[in-house]
Amino acid sequence: MGSTRNCPCKMSQLPQKSPLASPLSEDMTTRVDNLPMESFWLEVENIKQSTEAEQEECSLADVKTQEEGEAEAEWLQDAGLSDLIGDHASENDNALLSTLTKTQAAAVQRRLDTYSRSRRRKNKPPVRDVRDIFGVVGSGETVTEKEEPSPDLLLHNLRTSNVQKPETQDYSCTVRNPGKEEVFNMDVAYSEQAAVLLKGSFLTESKRIKDGNVLTKFKIPKGRLGVTRIGDLSAQDMKKIPTLALIELTALCDVLGFELKRNKAAKLKTTEKRLFGVPLNTLLENDQKLLPNTKVPLLLQALLSCLEKRGLETEGILRVSGSQTRIKSLEQKLERDFYSGLFRWDEVHQNDVSGLLKRFIRELPAPLLTAEYLPAFAAVQNIPDLKQRLQALNLLILILPEPNRNTLKALLEFLSKVVSRENNNKMNLWNVSTVMAPNLFMHKGLPNKIPEGKEKQLAEGAADVVRMMIHYQDLLWTVSSFLVAQVRKLNESNSKRYQFCDKRLKNLLRKIHADKDKVEKNQAEPSKVVKVHASLLLKDSLEVHLNNATRVADVLKQFQKNLCQNGWNIVNTVNLLKCNNSMECTNLLLYEVGGNIGEHCLDPDTYLLDLYHINPHAEWVIKQNPSYPRMF
């Protein structure tokens with residue numbers, strides 16, 4: 001992603017407003033033409049004034065220069081492929097490789113190539129030849145024969161991957177019509193979609209939007225397996241998502257011709273404070289001692305709650321700055337009284353609370369968007385096509401550590417509420433975005449270099465990224481179907497990696513497994529009878545007859561009907577919410593547990609017979625919908 005257009009700039013170098021007359025590219029001019037930036041520069045000046053007393057400097061994010069091969073080594077490690085590098089590279093297959101698409105495998109190969117060249121130049125011991133891992137591409141033959149599927153096949157036959165392109169799929173619609181709904185395909189890897197568009201010369205620049213509030217509407221089409229949101233997967237499976245998302249983001253950038261640059265992880269300074277300037281992980285560890293399972297810092301929850309109760313209707317909320325003296329005093333009082341419950345929120349002015357909110361975000365030792373990926377978030381603006389910008393943002397959100405992702409979601413949900421009250425508070429989507437962009441993209445702990453005359457362009461780009469995150473947050477917090485499919489295949493690959501000393505036993509078991517698969521495929525049933533468990537609610541199981549039309553919602557309704565009519569033996573009546581002598585169906589969820597998935601909360605529109613064929617060894621369990629407050 002844009003290695004020459006990063007987002008760094010010292011606070012003292014930025015003007016109060018935007019008088020810079022440097023010519024913008026056509027891309028940026030058409031995207032934010034006629035949209036005011038005064039709020040951005042005013043916010044920059046406010047931040048500068050609030051930090052001058054503490055003699056601290058803030059800068060827009062930039063990328064540290066790394067030696068050749070160093071960035072590739074870090075990338076391979078973060079992508080879960082560290083066993084392919086080093087002096088003692090593993091000779092065993094990496095299960096992750098067998099899940100990759102063609103473009104993803106090519107992205108891995110490029111970085112292995114670069115890393116290998118850098119090692120040879122430094123006269124270090126040789127690393128594994130890339131052909132040992134991916135095979136010989138040009139000849140159509142592989143160097144080695146593997147008993148399990150290996151990624152060399154992916155490089156010359158996409159059909160071997162777990163993600164396949166429908167022959168009739170058309171990705172050529174790139175014209176963006178504000179207000180018109182378009183399809184956002186999550187069934188096929190984004191990089192594969194971009195490769196198809198590139199091959200057909202369909203990659204054209206989308207028409208940019210001049211109205212800050214009118215944006216293209218996107219709809220995620222629900223396939224037979226429904227839609228998966230962040231939070232629907234178990235923690236065990238979600239740990240696999242960031243590595244897969246990083247590989248896919250890199251592959252997408254490779255196809256689009258952007259270099260994905262990342263910062264080194266920042267070393268966090270210790271602080272004696274308990275709230276402001278404390279790492280998110282530390283905050284959550286302390287909060288969870290008071291309130292287990294806390295996902296968002298309690299202080300941030302309190303700030304957002306106070307603003308939602310008394311500040312949403314306030315004209316200029318977030319834009320109008322509170323008193324810096326009062327804000328600093330309130331910060332000291334919060335450090336002293338917050339956890340004791342003695343702090344009086346009803347005595348604080350709304351503009352001071354919004355100032356505390358922005359200060360909390362800025363004072364984090366590392367940026368909320370992380371030091372590593374802040375340049376990538378900023379560089380999203382350089383992708384010409386809106387849909388592909390959103391694809392990159394979706395992957396970046398999935399890469400974020402869980403505390404950062406949960407905290408960002410809580411913030412964006414609040415900002416969306418502010419925008420919804422625009423008629424009263426006079427803060428439309430663009431106003432909110434320009435005010436919040438400096439607080440998210442400027443950080444005191446990052447380096448500062450910027451091409452002269454690029455401040456205005458970078459500022460507008462940062463505000464545009466914030467605008468997209470606010471407006472499209474539901475889409476961005478979705479786990480693409482192709483990533484879920486890769487998680488399933490990864491789980492299957494890991495479960496099959498047993499070591500057998502007796503080769504004859506191994507061959508025998510392989511034959512039995514192959515025969516079993518053949519029988520199951522030949523007996524594809526148009527219907528199936530399965531049992532659904534609800535052990536936390538009932539002692540009995542629900543017998544369900546599946547056909548091609550049976551959805552999750554149908555099973556939950558059947559469960560509700562049987563519960564009310566048949567007088568099942570209820571284990572815990574407290575957990576069952578009643579309404580007019582019948583249980584609320586929306587209070588129940590159906591989970592897929594085991595097999596090739598850890599635990600998966602199913603979309604109500606999931607067709608269960610299709611799911612059964614994909615994961616026949618899973619159990620299905622009905623559970624109560626987690627109670628509020630939401631676990632973002």
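Reader: What is the handedness of the crossing of α8 and α14?
Author: In this predicted model, the crossing of α8 and α14 is left-handed.
Reader: And at roughly what angle do the axes of those two helices, α8 and α14, cross?
Author: The axes of α8, which covers residues 241-256, and α14, which covers residues 386-399, cross at roughly 150° and come within 8 Å. Because angles over 145 degrees count as roughly antiparallel, α8 is described as roughly antiparallel to α14.
Reader: Which residues make the contact there?
Author: On the α8 side the contact is made by Ile241, Pro242, Ala245, Leu246, Glu248, Leu249, Leu252 and Leu256, while α14 brings Gln388, Gln391, Ala392, Leu395, Leu396, Leu398 and Ile399.
Reader: Okay, switching to the core: which residues touch the most other members of the largest nonpolar core?
Author: Those are Leu318, Phe377, Phe441 and Met469, in a core that holds 129 residues. The largest share of this core, ten residues, comes from α8, the helix whose crossing with α14 is left-handed.
Reader: What is phenylalanine 377 in contact with, leaving aside its neighbours within four places in sequence?
Author: With those neighbours left aside, phenylalanine 377 is in contact with Leu369, Leu393, Leu396, Ile397, Leu400, Phe441, Val465 and Met469. There is also a second, separate core of 20 residues, and Leu588, Leu609, Leu611 and Ile622 are among them.
Reader: Now asparagine 425, is that buried or exposed?
Author: Asparagine 425 counts as buried, because its relative accessibility is 0%. This asparagine 425 sits in helix α16, residues 422-425, and, not counting residues up to four places away in sequence, touches Leu312, Glu313, Thr314, Glu315, Gly316, Ile317 and Val418.
Reader: What about lysine 426, where does that lie?
Author: Lysine 426 lies in the loop between α16 and α17, the latter being residues 429-441. Its phi is positive, about 60°, although lysine 426 is not a glycine, and with a relative accessibility of 44% lysine 426 counts as partly exposed.
Reader: And asparagine 293, which loop is that in, and how exposed?
Author: Asparagine 293 is placed in the loop between α9 (280-290) and α10 (298-310), and a relative accessible area of 54% makes asparagine 293 exposed. Although not a glycine, asparagine 293 has a positive phi of about 70°.

Terms used:
Residues are numbered from 1 along each chain as its sequence is written. This is a predicted model: local features need pLDDT of at least 70, side-chain atom pairs count only at pLDDT 80 or more; totals for chains, interfaces and linings use all residues. Side-chain values use heavy atoms; hydrogens and water are left out. Axes are lines fitted to C-alpha atoms, for helices over the stretch in contact, and angles run from 0 to 180 degrees between N-to-C directions. Helices (H or I, at least four residues) and strands (E, at least two) are DSSP runs, numbered from the N terminus. Angles under 35 degrees count as roughly parallel, over 145 as roughly antiparallel, 65 to 115 as roughly perpendicular and the rest as oblique. A crossing is left-handed if the near helix is turned anticlockwise from the far one by less than a right angle, and right-handed if clockwise. Contact means heavy atoms within 4.5 Å. A nonpolar core is a set of buried Ala, Val, Leu, Ile, Met, Phe, Trp, Tyr and Cys residues joined through side-chain atoms within 4.5 Å. Buried means under 20% relative accessible area, exposed over 50%, partly exposed in between (1.4 Å probe, protein chains only).
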